[in-house]
Structures are given as C-alpha cells and as structure tokens.
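Dear colleague,

Please find below the structure that I am handing over to you. My notes on salt bridges and on one helix follow it.

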Amino acid sequence: MADPVLITISGSLRREATNRKLLAEAVRVFGPASVVEAGLNLPLYDGDAEVSEGIPPAVQKLSDQIAAADAVAISTPEYNKGPSGVLKNALDWVSRTEGNPWADKPVAVMSAAAGRAGGEQAQALLRGFLVPFQPRVLSGPGVHLAGSSKEFDEAGRLISAQYEAALTKLMQKLRAELSC
C-alpha cells in the first residue's frame with residue numbers, strides 16, 4: 001500500500017513558527033507518509049469578491065489538497081483566546097468551495113502558544129469551527145504546547161518527553177483512523 005497523504009495546516013504564517021515546528025514533529029512521529037504543507041497566505045474572505053471573481057486559485061488548491069489527503073494535522077497558535085485569523089479565514093474560504101473536502105476526514109488538532117495553557121482555548125474554538133464540516137476530529141490526547149518558544153532544541157525537536165509522548169499518541173491515533 002502506498003504511503004498515506006497527510007496535510008499539515010499551521011495557523012501561523014511565520015517560517016520559524018512553533019506551530020510549524022510542532023507539525024514537523026507530528027510528521028516525524030506519524031511515520032511514513034506523503035506530506036503536503038498547506039499554504040494559508042490567502043486573501044481575506046470577501047463575499048463581493050467571491051461573486052465577482054470566484055474562488056481564488058490558492059483557496060481552490062487548499063480545498064483540493066484537503067480533499068486528496070487521507071488525514072489532516074492542524075496546529076494553531078492562540079491569539080487573544082482564539083485561533084489565528086489566517087486559520088479561520090482559510091476555513092471560511094474552503095467552506096465556499098464545491099463539495100466538502102473535510103467530510104469524514106480524520107483530523108488531529110494541536111497547539112503551540114506562548115501562554116501557560118498552550119493554546120487550549122484556541123483549540124476548543126477550532127474544534128467548534130470544524131463541526132459544520134463534519135470531519136472525524138480526534139478527541140485527544142490533548143497536545144497544548146505551553147511556552148512554546150522554549151520547547152524545541154536547535155534542530156527543531158521537542159525537548160519535553162511529556163509533550164513528545166502526547167504527540168506520539170495523538171499521531172498514532174490519527175494513523176489508526178486511516179483504516180476506519
């Protein structure tokens with residue numbers, strides 16, 4: 001059997017974002033896969049622009065990538081007690097594409113944030129945002145990386161055995177969902 005396709009979606013646009021690092025670690029512990037890193041550098045959703053110009057090519061590409069994936073891993077920062085605006089904007093845009101690329105798709109949600117709760121509130125809201133799309137969002141274990149800028153070594157590897165264990169278990173559960 002060919003390697004599964006795993007799409008990673010970081011709610012942060014920064015190249016060195018800890019959410020991107022967390023997703024890289026998730027990919028590592030997930031095991032063999034064809035990995036697609038989603039791009040969220042999308043225009044702001046505007047219903048008038050959608051009517052006059054249609055779905056932007058970058059949005060359609062993201063929707064197609066989600067549809068083609070066997071599983072999805074999303075990591076969000078927490079900004080003002082919620083997920084990032086770029087992530088919410090991407091969800092809003094993808095909801096406007098034909099069909100529902102999220103339907104019954106296994107999804108692992110995690111977060112890396114500066115605060116001491118590690119993005120727990122952002123994750124809770126993100127899970128709510130995903131409900132209309134009806135994916136199979138894993139219930140846990142929770143991966144809420146607190147003080148995230150201090151949780152990676154120079155090579156981008158997690159330094160906490162506790163976080164690595166939780167992430168490994170989450171990604172094992174995501175892989176197990178592929179056979180469901």
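A salt bridge is counted here when a side-chain nitrogen of Lys or Arg lies within 4 Å of a carboxyl oxygen of Asp or Glu. This is a predicted model, in which local features need pLDDT of at least 70 and side-chain atom pairs count only at pLDDT 80 or more, while totals for chains, interfaces and linings use all residues. Residues are numbered from 1 along each chain as its sequence is written, and side-chain values use heavy atoms, with hydrogens and water left out.

Salt bridges

The structure contains eight salt bridges. In one of them, Glu 164 pairs with Arg 28, with 2.8 Å between the closest N and O atoms. Because Glu 164 belongs to helix α6 and Arg 28 to helix α1, this pair ties together parts that are 136 residues apart in sequence. Helices (H or I, at least four residues) and strands (E, at least two) are DSSP runs, numbered from the N terminus.

Arg 28 also forms a salt bridge with Glu 25, at 3.0 Å from N to O. These two residues are three apart in helix α1 (residues 18–30), which means that about one helical turn separates them. As for accessibility, buried means under 20% relative accessible area, exposed over 50%, and partly exposed in between (1.4 Å probe, protein chains only). Arg 28 is partly exposed at 34% relative accessibility, whereas Glu 25 is buried at 3%.

Glu 25 has a further salt-bridge partner in Arg 157, at 3.5 Å from N to O. Arg 157 sits in the loop between β6 (144–145) and α6 (161–177) and Glu 25 in helix α1, so this contact ties together parts that are 132 residues apart in sequence. Arg 157 is partly exposed, at 34%, and Glu 164 is likewise partly exposed, at 23%. Through shared partners, the salt bridges join Glu 25, Arg 28, Arg 157 and Glu 164 into one network.

Helix α5

Which residues of helix α5 (residues 120–130) are buried? They are Ala 122, Gln 123, Leu 126 and Leu 130.

With kind regards
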